[in-house]
Amino acid sequence: MSEVTHSRVIAASPQRVWEVLTDVEHAAQTLSGVTSVQLMTDGPYAVGTRWRETRTMFGRSATQEMWVAECDPLRSTEVQAEAGGTRFTTTFTLVPQSDGAQTELTMRFAADASTASGLQSMAMKMFGKVAARASSKALEQDLADIATAAETQA
């Protein structure tokens, strides 16, 4: 399993950060790496919420179906996706800071290729370091974009 984690203190309350983080419908306006989002379920953000998200990585556009696997409002959420025998899990954890006006947001991205075929597993080993660097850069940018949106409207 490959894993990348980044954290950032955001000058906004956990409520505001949560609002930005869970506003899937407007993710393409908030996250610079996301070009479009198509909601597949109705209702508020909760376990089972599904969407298709299109991102540009390595100069290519890719669409991934994603879903909320866990949700503890104002504290944490876990989003999953699957492709090529690999399960991708992104966990967001919000920790209020002592003044209540700031929130530490931690993003943990993990790729588990334990069910991938031999060829898929070999490709992951060959391109794993490149993919980890790209994922790390994307996480840092997502954190910056979430912070900008939360702080701008805080």
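The largest nonpolar core of this predicted model has 28 residues, and the members that touch the most others are Ile-10, Val-17, Leu-21, Leu-105 and Ile-146. At least two residues of this core come from each of strand 1 (2-10), helix 1, strand 4 (60-72), strand 5 (76-83), strand 6 (86-96), strand 7 (103-112) and helix 3. The greatest contribution is that of helix 3, which supplies six residues.

The mean pLDDT is 88, with 86% of the residues at 70 or more. Among the elements, helix 1 (residues 14-21) has the highest mean, 97, whereas helix 3 (residues 118-152) has the lowest, 75. Where pLDDT is low, predicted coordinates should not be read in detail.

Setting aside residues up to four places away in sequence, Ile-10 touches Val-17, Ala-101, Gln-102, Thr-103, Leu-105, Ile-146, Ala-147, Ala-150 and Glu-151.

Beyond its neighbours within four places in sequence, Glu-151 is in contact with Val-9, Ile-10, Ala-11 and Ala-12. A polar atom of the Glu-151 side chain lies 2.8 Å from the backbone nitrogen of Ala-11. Between the C-alpha atoms of Glu-151 and Val-17 the separation is 8.5 Å, although these residues are 134 apart along the chain.

Seven strands form an open sheet in the order 1-7-6-5-4-3-2, and their pairing is antiparallel. Strand 1 and strand 2 (34-39) stand at the edges; each has a single partner strand, so one side of each is left without a neighbour in the sheet. From one strand to the next, the twist averages 20°.

Within the sheet, strand 3 (residues 50-57) pairs with strand 4 in the antiparallel sense over eight bridges, and Met-57 stands opposite Arg-60 of strand 4. Strand 4 in turn pairs with strand 5, again antiparallel, over six bridges, with Val-68 opposite Val-79 of strand 5. These two strands make a hairpin with three residues between them, and Leu-74 in the turn has a positive phi of about 70°. Strand 5 and strand 6 are joined by eight bridges in the antiparallel sense, and Ala-83 stands opposite Thr-86 in strand 6.

Helix 1 packs on this sheet and touches strand 1, strand 4, strand 5, strand 6 and strand 7; its direction makes about 155° with that of strand 6. Why is helix 1 described as largely enclosed by the rest of the structure? Six of its eight residues are buried, so helix 1 is largely enclosed. The buried residues are Pro-14, Arg-16, Val-17, Trp-18, Val-20 and Leu-21.

Terms used. Residues are numbered from 1 along each chain as its sequence is written. This is a predicted model: local features need pLDDT of at least 70, side-chain atom pairs count only at pLDDT 80 or more; totals for chains, interfaces and linings use all residues. Side-chain values use heavy atoms; hydrogens and water are left out. pLDDT is the predictor's confidence in each residue, from 0 to 100. Helices (H or I, at least four residues) and strands (E, at least two) are DSSP runs, numbered from the N terminus. Contact means heavy atoms within 4.5 Å. A polar contact is a pair of N or O atoms within 3.5 Å; within protein, one must be able to donate a hydrogen and the other to accept it, and residues adjacent in sequence count only if both atoms are side-chain atoms. A nonpolar core is a set of buried Ala, Val, Leu, Ile, Met, Phe, Trp, Tyr and Cys residues joined through side-chain atoms within 4.5 Å. Buried means under 20% relative accessible area, exposed over 50%, partly exposed in between (1.4 Å probe, protein chains only). Two strands pair if DSSP finds at least two bridges between them. Axes are lines fitted to C-alpha atoms, for helices over the stretch in contact, and angles run from 0 to 180 degrees between N-to-C directions.
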